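Work through the exercises below with the coordinates open. Each task is followed by a solution in steps.

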Amino acid sequence: MPRIGVFVCHCGSNIGSVVHVPEVVQFASGLPGVVHAAEHKYMCSDPGQEMIRQAIREHGLERVVVASCSPLMHEATFRKTCEEAGLNGFLFQMANIREQVSWVTEDKARATKKAMAVVQAAVHRVVGHVPLQVGTVPVTPATLVIGGGVAGIEAALQVASSGTRVHLVEREPSIGGHMARFDKTFPTLDCAACILTPKMVQANTHPMITVHAWSEVVEVSGFVGSFKVRIHHKATYVDHQKCTGCGACLQKCPQRKIPSEFDYGMMNRRAIYIPFAQAVPNKPIIDREHCQWFQAGKCRICEKVCEAKAIDYDQDPAGWTEEVEVGNIIVASGMKVMQPTDMKHLGYGRLPDVYTGIEFERLCHASGPTEGHIVCKTGGVVKAGGRPPKAIALVHCIGSRDQQHHAYCSRVCCMYALKYAHLVKEHVPGCEVYDFYIDMRCFGKGYEEFYNRLLREDVRFVRGKVAEVTDAALYPGEDGRMVVRVEDTLVGAVRRIPVDMVVLCSALEPAEGAKALAQTLHMGCSSDGFYLERHPKLAPVSTASAGIFVAGCCQGPKDIPDSVAQGAAAAAQALAMIMKGQVEVEPTTAHVIDDLCSGCQICIPLCPYEAIHRDEARRKAYVEPALCKGCGTCVGACPSGALQQWGFDDTQILAELEGILAAR
Amino acid sequence: MSDFEPRIVAFLCSWCSYTGADLAGTSRKKYRSNIIPIRVMCSGRVDPEWILKAFRDGADGVLVCGCHPGDCHYINGNHKTLGRYPVVRRMLAQFGIHPDRYRLEWVSAAEGDRYAKVVDAMIDTVRALGPLRWKDRLAAATDTLADARS
Amino acid sequence: MKKISIDPITRLEGHGRIDLFLDDAGALVNAYLVIPEIRGFEKFAEGRPVEEMPRITSRICGVCPEAHMMAAAKAGDAVYGITLPPTAARIREMQYAAFFVGDHTTHFYALGAPDFVVGPGAPAAERNILGVIGKVGVENGKKVIRMRKEAHEVAQMLGGKPVHPVNALPGGVSRRVTPEMQARLVEIGEYAVEFARFTLGVVHDVVLANPAYVDLIVNGPYNLKTYSMGMVDDRNRTNFYDGKVRIVGPDGKEHGRYAPAEYRDWVAEHVEPWSYLKFPYLKKVGWKGFVDGPDSGLYQATPLSRLNVADGMATPLAQAEYQRFYETLGGKPVHHTLATHWARTIEIMYAAERLLELARDPVITGPDHRVLPSKTPTEGVGIVEAPRGTLTHHYWTDERGIVTKANLIVGTTNNHAPISLVVRNAAKGLVKAGEPVSPAVLNQIEMAFRSFDPCFGCATHALPGQMPLVIRFRSAADGSVLDEYRRD
Amino acid sequence: MAEKLRLGLYWAASCGGCEIAVLEIGDRILDLIQVADIVFWPCVMDFKYDDVRAMPDGHIDVVLFNGAIRNSENESIARLLRQKCKVLVAFGSCAVEGGIPALANLYALQSLMARAFTESESTVNPAGTVPAPGHHVPEGEIELPVIYRTVRRLQDVVPVDYFMPGCPPTEKQIWAVLQAIVAGALPPVGSHVGCGDRSVCDECKREKRQVRIERFHRPHEIVPEEGWCLLEQGIVCMGSATRSGCEARCLDANQPCRGCYGPAGRSMDQGAATLSAVGSMIAADSIEKAEQILRDFVDPAGTVYRFGMSNSLLVRRLDE
């Protein structure tokens, strides 16, 4: 029986005022193996920890139990304390008598009784603890950044600025993400392009950054410190090494009427194209489906006009893949804007001048379909020179805060709606702006001030959820216009408001293929489909998978400042790991007891991290410690107890259980 | 059985449910004290063996809490637990143990309030079912030579 | 006589026990055959899936697991209303025939033969299989051992395991027969027939050639005029695996003929408070206590009774011996209990011939060794002839095929009352008032029931080779134990 | 020459299959006789209990005891033999873990007796007679042993030195153990003998494809693909949770393992281990889906404790 020390904390009055600590100490000192039991006002304080260190030395303690707050709070602290006194930190067990005893129990006697049981359980458990070593693996000094939006660009730049190699993978032909489509940004109203383009160029020209545009991550193997990543490059049919980006081909391509993805089909592009003027890399790609040469076998005009001889029709249509090695991964794969097509009652896709927020962004944009003029469609087509609207409706919370669609708030809609309100006022003098909101959420720096400014710009704010947008005119003045039906909850009346244009501020959703990417990366998602951070408060950019970080909207809706901040934060963590050169891996992994393993292989498909494989020679399972995340699911499933988990061995848990049930 | 105080063991996954239970504490939710938690990294680690052992050694009820399905920090560890749950309950019934003495509940890191409710509900259920006292009753149902002679 | 007192811990041994009560003059008043064991399969079958019953009930008896496996599987077929394809049915019957050869062989040489080959009066130490081998010669002894081995080889080949094979399930058998297996099965079948010939030879040379034995068989105190029961095919020839159960009276006239599902119209079970084993009897005749004759419902289900109910055997060599049997013993039916041993050897021949016949049948290697049930399960009865008597399994299930009720009438149980009766008769004839009881006499009493080859493995757990037994002489006046003879 | 080894064999509540299995060693039994005297084997040779009682304590070197403890008589003989032998081996599944007879623990003894003697459809018993100890016939009392309410393992009534599981143990293993006994080469007391330390999968030739279980089939409902793991085909098989040593013979015959060798490796409850493994394998992402898939896993208790009820953590049904 090892020599055990038990240390009970008062946590000021947090524990002491409910749990009768001296009684617990006295009880503990009577438990088998306990040679020393003591209490302290604040065990986590320096004197508290010093008391433990001294006791370890003086009483030759071989096991330590600290009864105080949650292990999620101070387990690391006290492990360190033990280490400092020369005791392996895993010969320590924490008994949580605060969060789950004193704070949740009214009756003091019962609380004390429960505290005793918890302590007894910890004492029983700690007997069977074994020393564990925190292992380390070397870190390849390179980082993969998935997604070339503003968060990804920021992360890439930060990492690269330290002289570390970065692979920036973007599946679109150009980096820039959604921000590249924006006209102005709230609340400062500075031009999105003006602040983003330099960063894009900087990223593309940075000696330590390799931009893989028009590419996707298809496979990730290995583990923290040394991931092997396979990147698939889609065929461009243009040799970007030779291409000078002169743009001659773009002018000459006869295929003019291809709806542009970048402009949501509101503008056209050619078969050989650059998504937008400031695209980075600024090199064209050929859209095989629409290219006359590929479809009809004639043309080759672009080839003729290309002086650099960069056109290469013979590229493998399947594209090509390369493998890179990185030490860690930053996922900034962004989001997508919800298409409110199934909301027939709001007229989207049914009535001509109903737009989503991001589409309207293009309407305001100088290089957009209307050259920045906010005008109604002419003949069902968006183009410059149209009739300016007399009234515009901005509708909030489309698909957000809506049990039918997404319970969450998309966080940016209120603010960009206000931005639009301002832009409309600016671009279309005399145009009425109706802003239909449920709550106005202006939480960021300078946001509330922006709202107040808008209140003075004579925008009509209507509090209420829009019931319907219809073109069925009932009253004079409604003919040929759209009517927004809404219950004005401030006035307490149902109103019909005629408008000429409707902007639906629709929700931000997980990006296309977010689930698939999560699987490729063995990463968890929360139920809304956004990527799951390690801890919502204390580890917002790391994930349960060591060496994989998240930034920007892939983790949840965000505005630009937050996305950039997260990009930088993720970069900092990635760098910290790389600068240290090695990474610690939790020792509480699963391991196989060879003599007992019969190679039944039940465990293998259970592991979401593919950490278990069958050693064919020995016909046994093998757990790769660096891949194992220590969930213990395989251990729970192993029918012969041949799999065990360091720190959560069956014998330890059962001892804890016995401790609980032994208490009377 | 009004004065009967059930003894309930709870196995909580560290990421969601244990954090949620902590949150119940930090937000000072009050619930009854008859429940003692055991922390594991994932509900998928909970071996049915532990559940039977708990009942045999004096527990009146066993509660297992994990992340909501689709919300698991280990991607799908909780799917393994929910896969074991129905058949374990059915087997308990075959041994004469009311299936409600074993409950599987999803409690996220944000659901401290829910944890408190789940615990109180569980305690009410088990209190209504009465004490299990497996070991004593098993001994009482076992004959020995002494009994045979007398 | 010295009075022996037995302390409570050790006075009860786990075998059949016979209490013989004598009056003060030392003459027999009454005899009780006591079976002190019950395991309750009928109860704990409830709640189990019916397809598992072959694997569960085979553990009623490790001596005749195939019998229970087959009866349970047949009951399972009936529960699902399945008619087996020929391949499945013949594989089962072949496997069962091989089992019969092995089982009967063991019992004949280890249990029956010693009394005749070595001699009823010989010292107990010699009266065992080794003694038999001594007489017939080691070479022949090896034949016996080889036969047992090969019979179990069939069990393992088809059923996975030599003891408690597992292959029978509702709808057929789990394992198909490959051509390689078939070739080996034919070899074994051929040896079995050769071996059966040899065994009949032993009966003729050693037993029938000895007038003293024939006299003992015919005129010994072993006659019991009860009804006879056994399974027959549509031409009233003996069949172990399938057919109808036929009953003939002590006079040899047919009492009835029933399909498995009708068994409850014909057979009922009586309970005595002093034995954990029940006493079956013919329902239409009724329970008249421990007496024989046409007015008593007692019946025997043994190799002898099976010959008595059959008009003949389905295979040539067995048929020839069948005729010789009745010619020698003076026509049907035969009530000389000791003749059961001879009858058993005739069954060995039949089983061997049947085994070979089926092993050679091209159909057994066919693909339909299984049919999958399509009907909703309800209720079903399965009957086979176990070596020790007609074996009945009856299951009721819910719509998912989970057993809700089970009723079993096990081989040896059929003979529970007749055994007690024949032992009493034997004792009456052999125990003379005032004379000390010699071991030879006791053995002759034992011979009475040994001829039944009572495997109480199905009820207690006695085994082949020796029917463990305690015979106790007790005072009819005060019940005190006067003397005790143990044959553990 | 040294004194010959003394062996004894005995059965309690069992079917006799264990003895048959011992006889399976065939003529090798003659070799055995050369080096060992079988001083006590009720089923095969003559002897008297008085002889055993007369023996000095520890007189028999090794006793192979098969059968569960089902009644007072089983227990008294177990105690007697424990006293008279040096080494006591629990032989076969019944002695080691209760075996099939222990399925009776799912019911109350009264219901068991009632079923057999009063409810049975073929039984005519108007008086409702149920046999019981202490019954007096005109001539005197006829003794019967007391049937126990709970079927137990040998180790529950006397200390056991070795455990040899299997229903029955294979002749190969029996011979190996007998040789070890003769050679005095038995492992440390408390060990399992005549079996492996891993699970039946270790000996099973069927291949694994690492698939999830979409639905369960009962053995009679499907003709399984040859050579492929039955469990992965949806047939509940105990192999992965069952101690090795049987050479996976049932699997050879295309039948799933029912666990007669008891729990494998470090697992302390065979049933829980099976349910944990099987439950983890099903393709379910919700409790509802799991319930739907597991609906066809009928009779869990009767399956996962088919041979090990007395050995399980809960031992028997107890109605609340």
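A polar contact is a pair of N or O atoms within 3.5 Å; within protein, one must be able to donate a hydrogen and the other to accept it, and residues adjacent in sequence count only if both atoms are side-chain atoms. The model is predicted, so local features need pLDDT of at least 70 and side-chain atom pairs count only at pLDDT 80 or more, while totals for chains, interfaces and linings use all residues. Residues are numbered from 1 along each chain as its sequence is written, chains are lettered from A and ligands numbered from 1 in the order in which they are written, and side-chain values use heavy atoms, with hydrogens and water left out.

**Exercise 1. Helix α2 of chain B**

Find which residue caps the N-terminal end of α2(B). Then describe how the helix is covered.

Step 1. The cap is B:Asp47, with a side-chain oxygen 2.8 Å from the backbone nitrogen of B:Glu49.

Step 2. Helices are DSSP runs of H or I with at least four residues, strands are runs of E with at least two, and both are numbered from the N terminus. Helix α2(B) spans residues 48-56, and eight of its nine residues are buried. Buried means under 20% relative accessible area, exposed over 50%, partly exposed in between (1.4 Å probe, protein chains only). Among the buried residues are B:Trp50, B:Ile51 and B:Phe55. B:Glu49 and B:Lys53 are buried too.

Step 3. Just after the helix, B:Gly58 has a positive phi of about 120°.

**Exercise 2. The interface of chains C and D**

Describe the interface of chain C and chain D by its contacts, area and salt bridges.

Step 1. Count contacts (heavy atoms within 4.5 Å). Here 102 residues of chain C meet 87 residues of chain D. Of the five pairs of chains that touch, C and D have the most contacts. Chains A and C share no contact; their closest C-alpha atoms lie 21 Å apart.

Step 2. Take the buried area, which is the accessible area (1.4 Å probe) that two parts lose on being put together, summed over both. Chains C and D bury about 8000 Å², with 58% of it on carbon and sulfur atoms. C:Lys43, C:Tyr276 and C:Arg400 supply 9% of what chain C buries against chain D, more than any other three residues.

Step 3. Apply the salt-bridge rule: a side-chain nitrogen of Lys or Arg within 4 Å of a carboxyl oxygen of Asp or Glu. It finds six across this interface. In one of them, C:Glu52 pairs with D:Arg306, the closest N and O atoms being 2.9 Å apart.

Step 4. Locate the contributors. Helix α6 (residues 138-159) of chain C gives the largest share of the side of chain C that touches chain D, six residues.
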